[in-house]
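Biologist: I am new to this structure. Please show me how to read its features, one at a time.

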Amino acid sequence: MTDSTGANEVHGPLFPTWDEKDPLGSLKALFHFTVERGLSQIDWYKRNVAGVRWGSRVCRCAAIIFISIGSLLPLIAAAGIGLGWNGRKIPFEFGYVAFALAAGFLGFDKYFGLSTAWIRYIKTQLALEAALHQLQLDWVALLLKIQASSPAPDQIQAAVRRLLTFVQYMDAQIQQETDAWVLEFQANLAELAKAAQVRAEAQKPGQILVTVTNAAEFDDAPAVTLDGTETKQVESGQCNFLFVPPGDHQIQVIASKAGKPFRASQTPNVSAGGTSRLSLTLTPP
């Protein structure tokens, strides 16, 4: 039987030995062995399709629910309808979170191949069932041509060829399903790696180089604060902030002269892996 990687793993009776004294009985044993192998493969797909079908439905239903929530929240907020509990309202910005969750469920379904596996399993199962039914009908027709308990050599060859044709078709279907899984898995891995690389490049930290043009005019070195959290002193007229996330940031510079405060501020935008250069002149408020 095939596992999740498509590798064959058949469990069943041993391959029958050929009895020269009873060729008809040997043919029947060979037929039953072939049918059992076909039923075993079909049963594997029937059992395993339930798991991927359930996973696909959960992911798709969850995505639909979160997309609906994300679409409705801005409309509800625009209509002035309050939703929440204990006097707290749900902000319409939660819609972005809902869209992100929907994308996550769809991505999980895609990268683990739940929906595509469901389709592959059903197609392969139906193809094997149709081939097995055709084999059973053809086998009855072959037996009807055998008038005695000792079939002719050409009749034996025809019967064996028919069994071989079914086995080859069954193996080809399983191999085709396995190859499709391998190609999809490799493509998903490559796409995931590319998306992770793009995401990492987009989030690559940059730096902000601040130059205070009149830094030497003050009693003490001006203090530069980044986003109200990190503060550095200006040295030789400059200050540098490293490992700054991409996006907009707030820079504020404060210094004093003869007890009088001087300030300057600016909102630079830091690109991924880039350097934002600022030039500020401190003036009294």
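Modeller: Start with the aromatic rings. Trp44, Tyr45 and Tyr121 are linked into a cluster by ring pairs. Rings of Phe, Tyr and Trp (its six-membered ring) pair if their centres lie within 6.5 Å; planes under 30 degrees apart are stacked, over 60 edge-to-face, and the rest tilted. One caution: this is a predicted model, so local features need pLDDT of at least 70 and side-chain atom pairs pLDDT 80 or more, while totals for chains, interfaces and linings use all residues. Residues are numbered from 1 along each chain as its sequence is written, and side-chain values use heavy atoms, without hydrogens or water.

Biologist: How many aromatic pairs are there?

Modeller: The count is 9. Take Trp44 and Tyr45: their ring centres are 5.0 Å apart and their planes stand at 85°, so this pair is edge-to-face. Trp44 and Tyr45 are both buried. Buried means under 20% relative accessible area, exposed over 50%, and partly exposed in between (1.4 Å probe, protein chains only). Phe108 and Phe112 also pair, with centres 4.5 Å apart and planes at 35°, so that pair is tilted. Phe108 is partly exposed at 42%, and Phe112 is exposed at 56%.

Biologist: Now the overall fold. How many helices and strands does the protein chain have?

Modeller: The chain has 4 helices and 11 strands. They are DSSP runs numbered from the N terminus: helices are H or I with at least four residues, strands E with at least two. Of the chain's 285 residues, 34% are buried. The chain exposes about 17400 Å², and carbon and sulfur atoms supply 60% of that. Such areas come from the Shrake-Rupley method with a 1.4 Å probe; for residues, only the protein chains shown count as cover.

Biologist: How do I read contacts?

Modeller: A contact means heavy atoms within 4.5 Å. Among contacts between residues at least 6 apart in sequence, 68% join residues at least 24 apart.

Biologist: Is Thr124 buried or exposed? And which residues does Thr124 touch?

Modeller: Thr124 is buried, with a relative accessible area of 4%. Leaving out residues up to four places away in sequence, Thr124 touches Tyr45, Gln173 and Glu177.

Biologist: What about charged side chains?

Modeller: Side chains of opposite charge can pair when their charged atoms come close. A salt bridge needs a side-chain nitrogen of Lys or Arg within 4 Å of a carboxyl oxygen of Asp or Glu. The whole structure holds 7 salt bridges. One of them joins Lys46 and Glu129, at 3.5 Å from N to O. Lys46 lies in helix α1 (residues 23–78) and Glu129 in helix α3, so this pair ties together parts 83 residues apart in sequence. Lys46 is partly exposed at 44%, whereas Glu129 is buried at 18%.

Biologist: Which residue forms a salt bridge with Glu184?

Modeller: Arg120 does, and the closest N and O atoms are 2.9 Å apart. Glu184 sits in helix α4 (residues 153–202) and Arg120 in helix α3, so the pair ties together parts 64 residues apart in sequence. Both ends are buried: Glu184 at 17% and Arg120 at 11%. With Glu177, Arg120 and Glu184 form a network of salt bridges. Asp138 and Arg162 meet in another salt bridge, at 2.8 Å from N to O. Asp138 is in helix α3 and Arg162 in helix α4, 24 residues apart. Asp138 is partly exposed at 24%; Arg162 is buried at 17%.

Biologist: And the nonpolar cores?

Modeller: A nonpolar core is a set of buried Ala, Val, Leu, Ile, Met, Phe, Trp, Tyr and Cys residues joined through side-chain atoms within 4.5 Å. The largest has 24 residues, and Leu135, Trp139 and Phe166 have the most contacts inside it. Helices α1, α3 and α4 are the elements giving two or more residues to this core. The largest share, 9 residues, is from α1. A second, separate core has 20 residues, among them Ala215, Val224, Phe241 and Ala255.

Biologist: Which residues is Trp139 in contact with?

Modeller: Beyond its neighbours within four places in sequence, Trp139 contacts Leu27, Lys28, Phe31, Ala159 and Leu163.

Biologist: Last, how many disulfides are there?

Modeller: The count is 0. A disulfide needs two cysteine sulfur atoms within 2.5 Å. The sulfur of Cys59 is 9.6 Å from the closest cysteine sulfur, that of Cys61, which is too far for a bond. Cys59 is buried at 5%, and Cys239 is buried at 4%.
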